[in-house]
Amino acid sequence: MRALQASTSYGGVGVSSVVATPRLRPRPRRRRVILAQVEPSEKSVEMMRKFSEQYARKSGTYFCVDKGVTSVVIKGLADHKDTLGAPLCPCRHYDDKPAEVGQGFWNCPCVPMRERKECHCMLFLTPDNDFSGKDQTISLEDIRETTSNM
Amino acid sequence: MLSVPSIFSSCAPPPQPLCLSNFPFKTHHPNLLFPTTTTSRPSLLSAPISPPLPRKLLCRTPSAKYVREDYLVKKLSAKEVQELVKGERNVPLIIDFYATWCGPCILMAQELEMLAVEYESSALIVKVDTDDEYEFARDMQVRGLPTLYFISPDPNKDAIRTEGLIPIQMMRDIIDNQM
């Protein structure tokens, strides 16, 4: 590691005892912003991805032309699944999230979606929607790629 | 017909708000979170002959914030927004309430960046993370996301509030005609 060389060349004498053992943790080369919030677990993301594909097929709806939107919402659902135990709609603000989970109105698929196929998260879009694409599938790779810079 | 600017594709017009690769390790402002890092000292990596300086960090610490300084639409705290609203202004103020994992909020953010470029100093656009500013979002009765508040510089005019993704033209109309 370059940093190690730098520290050993400093003074050159008697430093070896200091730097003999410490090895700098190899810095990951990923260029990621450290989020204030923790990323949802892979397992939850996979679960919500499968759920989204299945529900889109079942309801005859399609994902957004911009897969980034779909990916972010899937991750939002996964995040709520991890923290609250249920995939609460990520596109709303709640006074009391656990109470909302208990109540169930906004648990995905939410009541507006179940009753009227209205998804304001733009996750499930009816074919007549301007933003609707042609896909009812999205891969984990797509999700990773489109949210890698978040 | 509303076009969907895909901010996630490489064809999106610069600046790409969420694409880190365009802004590797440049900084225009000192990073106040980590004062030990300075940009004025010669880098040890490029000047092997110069006297080595004790340094802990050899690269710029990535910002802990999701929004970088390069964005036009700044993320503000509740207190800063309240001061803006109370203070003297002669331009409309637009507040975007969003959440990290809300898909339409990201499309809205892109539209607002474009609006910020168009209006420059004729409108002030800011955003508030509802996960950070929970009480403020609750007090402002934010429910669906994204929610936009258009606040006129004229204190006698009512604020206008929209919920959900709205076309950029609607935003222009509100700013031009209602403010």
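Buried means under 20% relative accessible area, exposed means over 50%, and partly exposed is in between, worked out with a 1.4 Å probe and protein chains only. Keep that in mind as we walk around.

This is a predicted model, in which local features need pLDDT of at least 70 and side-chain atom pairs count only at pLDDT 80 or more, while totals for chains, interfaces and linings use all residues. Residues are numbered from 1 along each chain as its sequence is written, chains are lettered from A and ligands numbered from 1 in the order in which they are written, and side-chain values use heavy atoms, with hydrogens and water left out.

**Stop one: the disulfides**

A disulfide is a pair of cysteine sulfur atoms within 2.5 Å.

Select A:Cys91 and A:Cys121 to see one of them, with sulfur atoms 2.5 Å apart. A:Cys91 sits in the loop between α4 (67-84) and α5 (97-103) of chain A, and A:Cys121 in the loop between α6 (111-116) and α7 (140-146), so the pair ties together parts that are 30 residues apart in sequence. (Helices are DSSP runs of H or I with at least four residues, numbered from the N terminus.) The S-S torsion here is about 130°, so this disulfide is right-handed. Both A:Cys91 and A:Cys121 are buried.

Now move to chain B and pick B:Cys102 and B:Cys105, a disulfide with its sulfur atoms 2.4 Å apart. This link is right-handed too, with 80° about the S-S bond, and B:Cys102 and B:Cys105 are both buried.

Next, click on A:Cys108, which is in no disulfide: the nearest cysteine sulfur, that of A:Cys110, is 6.6 Å away.

**Stop two: the salt bridges**

Side chains of opposite charge can pair when their charged atoms come close. A salt bridge is a side-chain nitrogen of Lys or Arg within 4 Å of a carboxyl oxygen of Asp or Glu. The structure holds 15 of them over all chains.

Select B:Arg172 and B:Glu118, whose side chains meet in a salt bridge at 2.7 Å, N to O. B:Arg172 lies in helix α4 (residues 168-178) of chain B and B:Glu118 in helix α2 (residues 103-119), so the pair ties together parts that are 54 residues apart in sequence. Is B:Arg172 buried or partly exposed? B:Arg172 is partly exposed, with a relative accessible area of 21%.

Stay in chain B for B:Arg161 and B:Glu163, a salt bridge with its closest N and O atoms 3.1 Å apart. Finally, select A:Glu46, A:Arg49, A:Lys50 and A:Glu53 together: salt bridges that share partners join these residues into one network.

Conventions: Helix = DSSP H or I, 4+ residues; strand = E, 2+ residues; numbered from the N terminus.
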